[in-house]
Amino acid sequence: MSGIDALPPLRDVIATHGLSARKSLGQNFLLDLNLTAKIARQAGDVTACDVLEIGPGPGGLTRGLLSEGARRVLAIEKDPRCLSALAEIADAYPGRLTVIEGDALEIDPLAHLTPPIRVAANLPYNVGTELLVRWLTPPTWPPFWESLTLMFQREVAERIVAPPGSKTYGRLAILAQWRADARIVMHLPPSAFTPPPKVSSAVVHLTALPEPRFPADAAVLNQVVAAGFNQRRKMLRASLKGIAPNIEDLLVAAGLKPTDRAEQIPLEGFCALARQVAAARAA
Ligand code: SAM
């Protein structure tokens with residue numbers, strides 16, 4: 001018994017199924033089920049939702065989500081060694097856990113999910129960032145998900161929620177904050193994981209807005225922001241030179257100073273500039 005369910009403690013699960021952590025798969029496991037239940041609660045009320053979980057591993061967060069009452073969990077795991085442990089969880093929660101073996105970067109889970117859908121994951125950070133960018137840039141908005149509850153290295157979490165003017169403010173902050181509310185909801189020390197990673201972690205909760213915070217064309221906004229932050233120390237009139245021939249005029253028309261740097265510009269300013277650039281290109 002483990003406290004949140006009738007299944008064995010995660011240490012025993014790992015020993016029984018031979019799940020020694022593999023660095024190549026970014027395996028730092030959470031073994032405290034009270035902690036995984038707490039992370040699951042950050043995903044909000046999941047009782048009427050399908051939850052997409054990426055990288056369940058031995059199933060700590062999976063058990064947290066199921067014990068918190070998730071209607072269904074669809075879990076995608078790359079490591080086949082974890083499947084037998086996950087099958088035991090599926091047996092304990094009949095009809096509520098489906099596991100797909102494979103690489104989350106290559107699998108389209110949508111056919112297996114029924115809205116409303118929330119996403120929860122504790123992933124290796126490179127896979128997590130790549131998936132986050134994909135989830136934030138779908139062809140149409142609103143996206144398939146209502147919320148994302150994701151564990152990141154603390155430094156990446158801070159980049160997602162960064163305000164203008166801060167050192168960590170950049171493309172990821174703008175991408176996340178343009179069409180979602182993004183908050184850090186938990187901090188975790190390395191000792192929360194087995195084996196402990198070198199850095200601290202944080203859980204970020206993102207809620208999809210029904211529509212973007214300010215109007216802008218996604219592709220143009222992305223171009224402007226990429227150019228601005230690729231040379232973040234330069235003034236906008238220099239870093240954005242390649243965006244439009246009359247960029248200084250467009251900056252002024254957007255209410256921005258050509259001598260400002262990207263890191264000083266709030267989201268609203270980038271959106272205003274993207275609208276000016278789009279209008280100039282259409283003229
Ligand atoms: N969720 C578990 C927990 O919190 O203890 C495991 C977290 S561990 C940091 C990351 C998990 O993601 C591992 O189980 C690993 O095998 C899996 N993983 C790594 N890359 C993946 C990928 N591309 N697709 C799906 N799972 C992946």
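Let's start at the second largest pocket: 20 residues line it, and Arg-171, Leu-172, Leu-175, Asn-222 and Val-225 sit nearest its centre. Lining residues have an atom within 4 Å of a point of the pocket, which is an open set on a 1 Å grid over the protein atoms alone where a 1.4 Å probe fits, with protein on both sides within 12 Å along at least five of seven lines. Bear in mind that this is a predicted model, where local features need pLDDT of at least 70 and side-chain atom pairs count only at pLDDT 80 or more, while totals for chains, interfaces and linings use all residues. Residues are numbered from 1 along each chain as its sequence is written, and side-chain values use heavy atoms, leaving out hydrogens and water.

Which helix gives the most to this lining? That's H7, with seven residues. Helices (H or I, at least four residues) are DSSP runs, numbered from the N terminus.

H7 (residues 171-179) also meets H5 (residues 125-136): their axes, lines fitted to C-alpha atoms over the stretch in contact, come within 10 Å and cross at roughly 40°, with angles running from 0 to 180 degrees between N-to-C directions. On the H5 side, the contact (heavy atoms within 4.5 Å) is made by Thr-129, Leu-132, Val-133 and Leu-136; H7 brings Leu-172, Leu-175, Ala-176 and Arg-179.

Of its 42 lining residues, Leu-25, Gly-26, Gln-27, Asn-28 and Pro-124 are the closest to its centre.

Key. Helices (H or I, at least four residues) and strands (E, at least two) are DSSP runs, numbered from the N terminus.
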